[in-house]
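Grab a pencil and work through the exercises below with the model open beside you. Each task comes with a solution that goes step by step.

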Amino acid sequence: MRGLCFSLLAAAVALAAAPRAAAQKTLLVITADQTDYVLAAGGAVAAMMAQGATGYLIRVTNDEKDSWDLAPEETARRARMESEEAARILGFREVISLGYRAGELGGVSPTELRDRLMFYIRLHRPEVLFIPNPYAHYVEVLDRFYAGQAAEEARRAAALENFQPPFAIAGLKPHLVPELYYYAQPVDPRRREPEGPATFVPQPKVVDITPMIERKLRAAKALRTANYSLAMRIRQRLEETGRRLPLLETVNEAAVEKLVEINVRKLGEIGAQGTRFKYAEEFHYAGPEYRIPKSYRD
Amino acid sequence: MRSLALLALLALEAAAAPLPAVKMPSGRLFMVIQPHHDDHTTDYGFGGLIARLVDEGWRGVYIRASNDEKDGAHGYALNDQINLKECLEACRILGIERVHSLNWRNDYMDPIPTQELRAQLILLIRLYRPDLVLGHDPWGHYDRNPDHRKVAWAMAEAVWMAGYAGVHPEHLAAGLKPHRVPYLFLKARVDYGRGHEPNVVVELNESQIARKQKAYSAHRNVYASPAMARAIRKQLAAEGLFVPELEGLNDQQAAVLIEEWYMEWISRKRGEENGLRYGEVYWFRDEFDHLPGLKDYLRENAVQP
């Protein structure tokens, strides 16, 4: 195990010695479902791609359940189209849909999922990786937890030659991603607290997304099937308890888009709390400076 | 160093800040989803809360996921029977109307597919349509009991996935309708690290504490054992001490009294930490807390017709 750590360290030092310009960077975003990364990280990834980075998105599940009055098959079809549209707006070059059934990741082999994610890490060799934060508490959709765990493990395994020898035989050489962002929507009450003093522990990081808020909003609006589902569920809950929301008196495209706008802007404001930014997103970040102890760098 | 000490002190002060008293949700039926016969009566919840809910007009259902065969000294089959009987008695004391046992093998739940347990819970949630679910906090740290973790994880998915028609559509064919559980109270030991994060205190009165005490000590197969009372008396005698209230009681009666004192003490401690006489602390999830960008807007703009 100690040997593995040193291998990672050696690879990290090599990568840190030759940083690539932002415009040349490759960015890989892993998301459990179509909405999570847009709401939690859409602004930050859009900003990187606006600066010239090449982006790839891996959608782990097919989102087949996130609709209102639609069959799972039709939901999955629309979700794929709409998530590709959202990704295009944010600037991604390609969307890779792994096709696992939404809500069922708990029954998928973690090793299988890890290896599929590792394959794409070795294929695209990103400098920056965004993954769902499996340590974020009180996240309701546990697909995000399972995808985050597998993604975290995939990043490590991708750098080590003894994982999946056939990948290397097929030309997919080990690759260590030097920058890692963990994202989650802001439900964890302790998300801003430093995680711990150890060198290798990712730490909270707030990213200004003010210049990207309109693009993030357009991407979120593109997820029409999921947004309509959200609006109808809110209206149903309110009706069941004798309440109504004037905005959702008629659930049409304009009302749903307004709801999405309120959501996206408020999430941006929550992310910016305590900073000088208007809109921001919160992450846990592990870059080269966290992975290489000062004594080694010196 | 001084600033570090000051920061540490401030952090401790912040940690000790009183929790807000919960604004009790409105509803009619609560469901307690726990692995074991006694989980609804432990020192860290839910006895007092259940008693209060019943006082406020709620009806309750208890889902016991395991068969509790390991808990007790009578062998698997008899433990199961005794523990179920005591569970029913504790539920009766607290005012819970129905108990359903899923009978998964106690402490051997790890190999059960989470989706299978989740499917059972989704079916029961759609059947009873609870407004509130009480269960272990799936994000709690250092809970060594594998059944707590397993059931909490399955419950965490079931409470919201039950609201989606595409999840187990066979239930709809039987006439059940999707139902998302709007409110959750989650518990875990507060001395088990940073995982569990209580955000509310539930105020309790003396009558509710009394029922919590009785419900807890109803589990004679695992608590209030005469051996425990004997050991305490022996220790007291070795130190030249005695407790007047225990004089004249047999070991079983003494054990019950000691357990009841403990339950009163822990409820008083949690209450006093939060500016109340008696209390229990929980992570409470309000109906729209899963939508952090919308919950304030919905709270401010949803109106009665």
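pLDDT is the predictor's confidence in each residue, on a scale from 0 to 100. You'll need it because this is a predicted model: local features need pLDDT of at least 70 and side-chain atom pairs count only at pLDDT 80 or more, while totals for chains, interfaces and linings use all residues. Residues are numbered from 1 along each chain as its sequence is written, chains are lettered from A and ligands numbered from 1 in the order in which they are written, and side-chain values use heavy atoms, with hydrogens and water left out.

**Exercise 1. Find the stretch of chain A where pLDDT stays under 50.**

Step 1: start with the whole chain. Chain A averages a pLDDT of 91, and 88% of its residues score at least 70.

Step 2: look at residues 1–19 of chain A, where pLDDT stays under 50. The model has 22 contacts (heavy atoms within 4.5 Å) for this stretch beyond four places in sequence.

Step 3: decide how to read that. Where pLDDT is low, the predicted coordinates should not be read in detail.

**Exercise 2. Describe the side of chain A that touches chain B.**

Step 1: count residues. On chain A, 42 residues are in contact with 41 residues of chain B.

Step 2: get the area. About 3700 Å² is buried between the two chains, with carbon and sulfur atoms giving 59%; buried area is the accessible area (1.4 Å probe) that two parts lose on being put together, summed over both. A:Y138, A:E140 and A:R237 supply 20% of what chain A buries against chain B, more than any other three residues.

Step 3: look for charge pairs. There are eight salt bridges between chain A and chain B, a salt bridge being a side-chain nitrogen of Lys or Arg within 4 Å of a carboxyl oxygen of Asp or Glu. One of them joins B:R180 to A:E140, with the closest N and O atoms 2.7 Å apart.

Step 4: place the helices (DSSP runs of H or I, at least four residues; strands are E runs of at least two; both numbered from the N terminus). α5 (142–158), α8 (224–240) and α9 (253–272) of chain A each supply at least two residues to this side, and α8(A) gives the most, with seven.

**Exercise 3. Work out where B:D68 lies and what it pairs with.**

Step 1: B:D68 sits in the loop between β2 (59–66) and α3 (76–94) of chain B.

Step 2: check the backbone. B:D68 isn't a glycine, yet its phi is positive, about 60 degrees. Most residues other than glycine have a negative phi.

Step 3: find the partner. B:R64 makes a salt bridge with B:D68, the closest N and O atoms being 2.6 Å apart.

Step 4: check accessibility (buried is under 20% relative accessible area, exposed over 50%, partly exposed in between; 1.4 Å probe, protein chains only). Both B:R64 and B:D68 are buried, with B:D68 at 0%.

**Exercise 4. Trace the salt bridge between B:R189 and B:D43.**

Step 1: read the distance, which is 4.0 Å from N to O.

Step 2: locate both ends. B:R189 is in the loop between β5 (183–187) and β6 (200–203) of chain B, while B:D43 is in the loop between β1 (29–34) and α2 (47–55), 146 residues apart.

Step 3: compare accessibility. B:R189 is partly exposed at 28%, whereas B:D43 is buried at 15%.

Note on methods:
Ala, Val, Leu, Ile, Met, Phe, Trp, Tyr, Cys and Pro count as nonpolar, Asp, Glu, Lys and Arg as charged, and the others, Gly among them, as polar.
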